[in-house]
Amino acid sequence: MENAQYFMTRCEELASQAMAKGNSAVGSLIVVDNKIVAEAEEAVATKQDISCHAEMEVVRAARKILGKDMSNATLYTTKEPCVMCSYAIRFHGIGTVVYKEKSMELGGANSTYNLLVTENAPKGWGAPVRSIHLEEE
(Lines give C-alpha, C1' and ligand atoms only; values in the text may rest on other atoms or scores of the structure.)
Protein backbone atom coordinates (compact mmCIF):
# COMPACT_ATOMS: atom_id res chain seq x y z
CA MET A 1 0.00 0.00 0.00
CA GLU A 2 2.25 2.70 -1.34
CA ASN A 3 1.48 6.13 0.20
CA ALA A 4 -1.15 4.66 2.56
CA GLN A 5 0.39 6.34 5.59
CA TYR A 6 0.51 9.69 3.78
CA PHE A 7 -3.19 9.46 2.93
CA MET A 8 -4.10 8.30 6.43
CA THR A 9 -2.22 11.25 7.94
CA ARG A 10 -4.42 13.57 5.86
CA CYS A 11 -7.51 11.67 7.07
CA GLU A 12 -6.35 12.21 10.67
CA GLU A 13 -5.99 15.95 10.02
CA LEU A 14 -9.57 16.04 8.70
CA ALA A 15 -10.71 14.03 11.74
CA SER A 16 -9.12 16.61 14.05
CA GLN A 17 -10.96 19.40 12.21
CA ALA A 18 -14.24 17.51 12.60
CA MET A 19 -13.67 17.00 16.31
CA ALA A 20 -12.87 20.69 16.80
CA LYS A 21 -16.33 21.45 15.38
CA GLY A 22 -18.09 19.04 17.75
CA ASN A 23 -18.37 16.08 15.37
CA SER A 24 -16.97 12.58 15.75
CA ALA A 25 -13.31 12.47 14.82
CA VAL A 26 -13.52 10.89 11.36
CA GLY A 27 -11.88 12.01 8.13
CA SER A 28 -12.00 10.40 4.68
CA LEU A 29 -10.40 10.68 1.24
CA ILE A 30 -11.05 9.21 -2.17
CA VAL A 31 -7.88 8.61 -4.14
CA VAL A 32 -7.43 7.70 -7.81
CA ASP A 33 -3.99 7.05 -9.32
CA ASN A 34 -2.30 8.21 -6.10
CA LYS A 35 -4.04 11.59 -6.25
CA ILE A 36 -6.66 12.88 -3.82
CA VAL A 37 -9.90 13.41 -5.73
CA ALA A 38 -12.08 14.38 -2.76
CA GLU A 39 -11.80 14.74 0.99
CA ALA A 40 -14.33 15.18 3.77
CA GLU A 41 -14.75 15.26 7.50
CA GLU A 42 -17.56 14.01 9.71
CA ALA A 43 -20.41 16.56 9.79
CA VAL A 44 -23.28 14.83 11.64
CA ALA A 45 -23.42 17.33 14.51
CA THR A 46 -22.75 20.48 12.51
CA LYS A 47 -25.26 19.62 9.76
CA GLN A 48 -27.65 17.87 12.17
CA ASP A 49 -27.95 15.01 9.67
CA ILE A 50 -27.06 11.41 10.55
CA SER A 51 -26.15 10.68 6.92
CA CYS A 52 -23.24 13.13 7.01
CA HIS A 53 -20.62 10.57 8.01
CA ALA A 54 -17.20 11.43 6.58
CA GLU A 55 -17.40 8.49 4.17
CA MET A 56 -20.81 9.58 2.84
CA GLU A 57 -19.60 13.16 2.48
CA VAL A 58 -16.50 12.12 0.53
CA VAL A 59 -18.53 9.82 -1.75
CA ARG A 60 -20.90 12.71 -2.50
CA ALA A 61 -17.99 15.00 -3.34
CA ALA A 62 -16.19 12.41 -5.46
CA ARG A 63 -19.34 11.50 -7.38
CA LYS A 64 -19.50 15.09 -8.71
CA ILE A 65 -16.02 14.56 -10.16
CA LEU A 66 -15.94 10.85 -11.07
CA GLY A 67 -19.58 9.96 -11.66
CA LYS A 68 -21.23 6.82 -10.29
CA ASP A 69 -18.50 4.35 -11.25
CA MET A 70 -15.62 4.70 -8.80
CA SER A 71 -14.13 1.26 -9.42
CA ASN A 72 -10.65 2.71 -9.87
CA ALA A 73 -10.83 4.60 -6.56
CA THR A 74 -9.60 3.82 -3.05
CA LEU A 75 -11.38 5.24 -0.02
CA TYR A 76 -9.19 6.02 2.99
CA THR A 77 -10.84 6.68 6.34
CA THR A 78 -9.92 6.87 9.98
CA LYS A 79 -12.75 4.55 11.07
CA GLU A 80 -14.15 1.38 9.54
CA PRO A 81 -17.22 2.37 7.51
CA CYS A 82 -20.59 1.57 9.09
CA VAL A 83 -23.36 -0.35 7.35
CA MET A 84 -24.88 2.81 5.81
CA CYS A 85 -21.55 3.94 4.40
CA SER A 86 -20.69 0.40 3.28
CA TYR A 87 -23.79 0.26 1.11
CA ALA A 88 -22.89 3.59 -0.55
CA ILE A 89 -19.33 2.37 -1.12
CA ARG A 90 -20.55 -0.84 -2.79
CA PHE A 91 -23.20 1.01 -4.81
CA HIS A 92 -20.49 3.19 -6.35
CA GLY A 93 -18.16 0.25 -6.95
CA ILE A 94 -15.27 1.56 -4.85
CA GLY A 95 -12.97 -1.45 -4.92
CA THR A 96 -10.74 -0.82 -1.92
CA VAL A 97 -11.27 0.72 1.49
CA VAL A 98 -8.36 1.40 3.83
CA TYR A 99 -9.21 2.24 7.42
CA LYS A 100 -7.32 2.82 10.65
CA GLU A 101 -9.71 1.94 13.48
CA LYS A 102 -12.11 -0.99 13.65
CA SER A 103 -15.77 -0.44 14.54
CA MET A 104 -16.89 -3.65 16.18
CA GLU A 105 -20.61 -2.88 16.61
CA LEU A 106 -21.74 -1.79 13.13
CA GLY A 107 -18.58 -1.95 11.07
CA GLY A 108 -19.00 -2.96 7.47
CA ALA A 109 -16.06 -5.38 7.55
CA ASN A 110 -15.75 -6.77 11.09
CA SER A 111 -19.21 -6.89 12.65
CA THR A 112 -22.19 -9.19 12.27
CA TYR A 113 -23.36 -6.72 9.59
CA ASN A 114 -20.33 -7.08 7.31
CA LEU A 115 -22.01 -5.48 4.29
CA LEU A 116 -18.73 -4.11 2.95
CA VAL A 117 -17.12 -7.51 2.42
CA THR A 118 -19.90 -10.10 2.29
CA GLU A 119 -20.34 -12.35 -0.72
CA ASN A 120 -24.03 -12.73 0.22
CA ALA A 121 -25.29 -9.27 -0.70
CA PRO A 122 -28.39 -9.01 -2.90
CA LYS A 123 -27.94 -8.97 -6.67
CA GLY A 124 -27.00 -5.53 -7.95
CA TRP A 125 -25.05 -4.49 -4.83
CA GLY A 126 -21.71 -4.81 -6.53
CA ALA A 127 -18.71 -6.92 -5.67
CA PRO A 128 -17.32 -7.28 -2.16
CA VAL A 129 -14.87 -4.53 -1.30
CA ARG A 130 -11.21 -5.18 -0.55
CA SER A 131 -11.03 -4.01 3.04
CA ILE A 132 -7.65 -3.21 4.60
CA HIS A 133 -7.19 -2.50 8.29
CA LEU A 134 -3.96 -0.47 8.24
CA GLU A 135 -2.73 -1.69 11.61
CA GLU A 136 -2.89 -5.29 10.36
CA GLU A 137 -1.00 -4.59 7.13
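Select T118 to begin: with 14% relative accessibility, T118 counts as buried, where buried means under 20% relative accessible area, exposed means over 50%, and partly exposed covers what lies in between (1.4 Å probe, protein chains only). T118 sits in the loop between strand 4 and strand 5 (130-133), helices (H or I, at least four residues) and strands (E, at least two) being DSSP runs numbered from the N terminus. Leaving out residues up to four places away in sequence, T118 touches R90 and P128, a contact being heavy atoms within 4.5 Å.

Some conventions apply at every stop: the model is predicted, so that local features need pLDDT of at least 70 and side-chain atom pairs count only at pLDDT 80 or more, while totals for chains, interfaces and linings use all residues. Residues are numbered from 1 along each chain as its sequence is written, and side-chain values use heavy atoms, with hydrogens and water left out.

Now show the whole protein chain as a cartoon, in which four helices and five strands make up the secondary structure, running α-β-β-α-α-β-α-β-β from the N terminus on. The radius of gyration, taken over C-alpha atoms, is 13 Å, close to the 14 Å that the globule rule gives for 137 residues, so the chain is as compact as a globular protein of that length; the rule itself is 2.2 Å times the number of residues to the power 0.38. Of the 137 residues, 47% count as buried, and among contacts between residues at least 6 apart in sequence, 54% join residues at least 24 apart.

Next select I30, M70, L75, I89, I94 and V97, which touch the most other members of the largest nonpolar core, a set of 17 residues. Such a core consists of buried Ala, Val, Leu, Ile, Met, Phe, Trp, Tyr and Cys residues joined through side-chain atoms within 4.5 Å. Two or more of its residues come from each of strand 1 (27-32), strand 2 (35-41), helix 3 (54-66), strand 3 (73-79) and strand 4 (96-101), with helix 3 giving the most, three residues. Apart from this core lies another, of eleven residues, among them L14, L29, V98 and L134.

Move to helix 4 (residues 83-91), where C85, S86, A88, I89 and R90 are buried, and display helix 3, strand 3 and strand 4, which are among the elements that cover these buried residues. Helix 4 is followed by G93, whose phi is positive, near 70°.

Which residues does M56 contact, leaving aside its neighbours within four places in sequence? Select M56 in helix 3, and the partners are S51, M84, C85 and A88. M56 counts as buried at 14% relative accessibility, and its C-alpha atom is separated by 8.4 Å from that of M84, 28 residues apart along the chain.

The last stops concern backbone angles, and most residues other than glycine have a negative phi. N34, in the loop between strand 1 and strand 2, has a positive phi of about 65° although it is not a glycine, and at 38% relative accessibility N34 counts as partly exposed. Finish at Q48, in the loop between helix 2 (44-47) and helix 3: Q48 is not a glycine either, yet has a positive phi of about 50°, and with a relative accessible area of 75% Q48 is exposed.
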